[in-house]
Amino acid sequence: MSALTQNASHDEPKTQIQQNLEDEVVQDILKTGTDLRQYSKQIEKELKEVENKSIQDYIKESQNIASLHNQISACDQILERMEFMLLDFQNDLGSISSEILSLQRKSVSMSQELANRQAVRGQLSQFIDDMVVPESLITGVLDCNITDKDFLTHLQILNHKLSFVKEQSFKESKSCLDVKDILEKLKIKAMSKIRSYLLEQVYKFRKPMTNYQVPQNVLLKHKFFYEFVLSNERNVAQEICNEYVDTMSKVYFSYFKSYCGRIMKLQYEECATKDDLMGIEDTASRGLFHKTSLKHKTTVFSIGNRGSVLAQQLEEPIIVPHAQMKNRYPFEALFRSEQYAMVDNACREYLFVSEFFMVRGPQALDLFNYIMGKTIGLLTKNLETFVAECYDMIALFLCFHLILRYQLMCHKRCVPALDKYWENLQAIILPRFEQVFRLNINSIRDCDPTKFNREMGPHYITRRYAEFSAALVGISENFPNELVNKLLAELQEEVELFILRMAAIFPQRKEQLIYLINNYDMVLNIIMERTRDNSKEAESFRSRLAVKSGEYVEEILSPHFGEMMQFVKECEHLVEKGQQQQLKKYDAKSLSLVQNFSSTWKKSLEELNREVVISFPNLVTGSSLLQLALTQLVQYYHRFHKLLTPNTRTQLTNIHLIMVELKKYKTVY
């Protein structure tokens, strides 16, 4: 034993003794000095007495104790039986828990089996429904009229069963052998009825005066018939398609051949020829603007109402030849009617074949070309024939823009099938248009100014150019073309040179300026009236007109106020150089100029007004030039006033008197 354990064992008796000494009884004994032996005997005697009393009490309560013992024993027996019952109940609960777990496992298993059976049952039921051929289907396919709604329903069911059996046969399903024969017979019967019906509808197109939309709408209503044939018997589908293509190809070709032949009889009897060029000399017998000829031919260079084919007439109903036998039309109006008929029929046909024959992309284009190819070739050849001998640039240009607009219309209708056709027509028109355009340019370049009358008014060749240029610029605003812009620029250059050559035949500069202003003004007015104000052509002639107008004003002021104008220019030059001594030499001259001006200015204004009115047939132009001249005169007068000495100024006519007089010549048109 260790020293720590030994120390602990010695300390325990000491602790016990200490506790005994601290007891109250022991403390009292120690304080009173009682004899412990005597005290011990007394205590034993008291204990003995207590014991005897306890025994006596026990003997008295013996019956109760015995009864209590019996009750305790009975309780023990009852508790023992309850213990056995609880143990049995515990055993029963254990067995029930096991049964519940077993039932749960069986329930899960049964649920899985039920789900599997239901899934199999659904698939098997659907399989049987798809495979079985009911009596109602057989009766419906055999006996129903093909146009009845019930027949279409039965046909859809039959088509589904045929597809299903075909699919299952690849999986080697034995049940397919049971229904394959009856389905094949039903397919043959349905195919026979559909083939006869579709061919009958196709043959209706061959009847004269047929509205093609009616049988086409009937076919679209029963387009599932063709879908059934296509999915089950491609040879029959190809036969129906070929029959339709062959029929419609002949129908459209016959219709357009007849229509084009009749409508072209409504064209103007007189057409533009190689003698109707812009630079060719005009004569009385063949007047370009001669009123009597307008009933039989269209104007060559002015557009007039011909541009309406691109606007309000663009989508008007086509011209009916037998209803318009007394009317005559320019070529572009007949061309519009032809092409609009082509657009209407071609767009409807393309959309029909795409929907009914269920083709898209290249297949739809090929089928469309088979149908419309001969008709497209006919219209292309007709245009080539006309263009080869055409000298009417307005007609060619309007036809070109009709093509652009109808091509855009086809794109809006989601029909790209005519794109190649439109490109071919453009390729036919543009080279001829350029060729005739250059013939007109050359005619202006080669014309001899000396052959024309010396008239200072607008020249008819210039008017031709103005009308023609305005027409082309106005038409091209929404569809600009680089070639047309280039040709117009060349034509403008030649016309400007022609105007200058014509002006050169006049001996006096004032006459030349009058001729130039009249022609520039006429061109500018026509272009601004028919096109935008900021077009290149308008800007070019506006700048030329401004320069020549300024020069003309100086020219007409010189005979009346030339000395004053020269005086102002010379003196202002000296003032700029600071040569005041030289300026004093002009004082004497200024006095005579003031006196001369005061005596002649009113008469000079009258002569100016008369001269301008006679020189310019356009009153607006004449009034503008007169006002420009008067404004220039006032400016010279102010400058002249500044250069005079104070003494000389007092003799000068008051500017207010002059302004009052000038207002008399201000006319508003």
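Let me start with H154, which sits in helix α6, spanning residues 149-170; helices here are DSSP runs of H or I with at least four residues, strands are runs of E with at least two, and both are numbered from the N terminus. This is a predicted model, in which local features need pLDDT of at least 70, side-chain atom pairs count only at pLDDT 80 or more, and totals for chains, interfaces and linings use all residues. Residues are numbered from 1 along each chain as its sequence is written, and side-chain values use heavy atoms, with hydrogens and water left out.

Is H154 buried or exposed? Its relative accessibility is 16%, and H154 therefore counts as buried, given that buried means under 20% relative accessible area, exposed over 50%, and partly exposed in between, with a 1.4 Å probe and protein chains only. Once residues up to four places away in sequence are set aside, H154 touches S136, L137, G140, V141 and C144, where contact means heavy atoms within 4.5 Å.

Let me turn to T648, which belongs to helix α22, residues 646-649. T648 has 7% relative accessibility, so this residue also counts as buried.

Next, a pair of helices. Helix α8, residues 213-221, packs against helix α11, residues 331-356, at an angle of about 20 degrees and with the axes 10 Å apart; the axes are lines fitted to C-alpha atoms, for helices over the stretch in contact, and angles run from 0 to 180 degrees between N-to-C directions. The two helices, α8 and α11, are therefore roughly parallel to each other, a label for angles under 35 degrees, with over 145 being roughly antiparallel, 65 to 115 roughly perpendicular and the rest oblique. Which residues meet there? On the α8 side they are Q213, Q216, L219 and L220, and on the α11 side R348, E349, F352, E355 and F356.

To finish with the whole protein chain, there are 23 helices and zero strands, and buried residues make up 40% of its 669 residues. Of the contacts between residues at least 6 apart in sequence, 78% join residues at least 24 apart.
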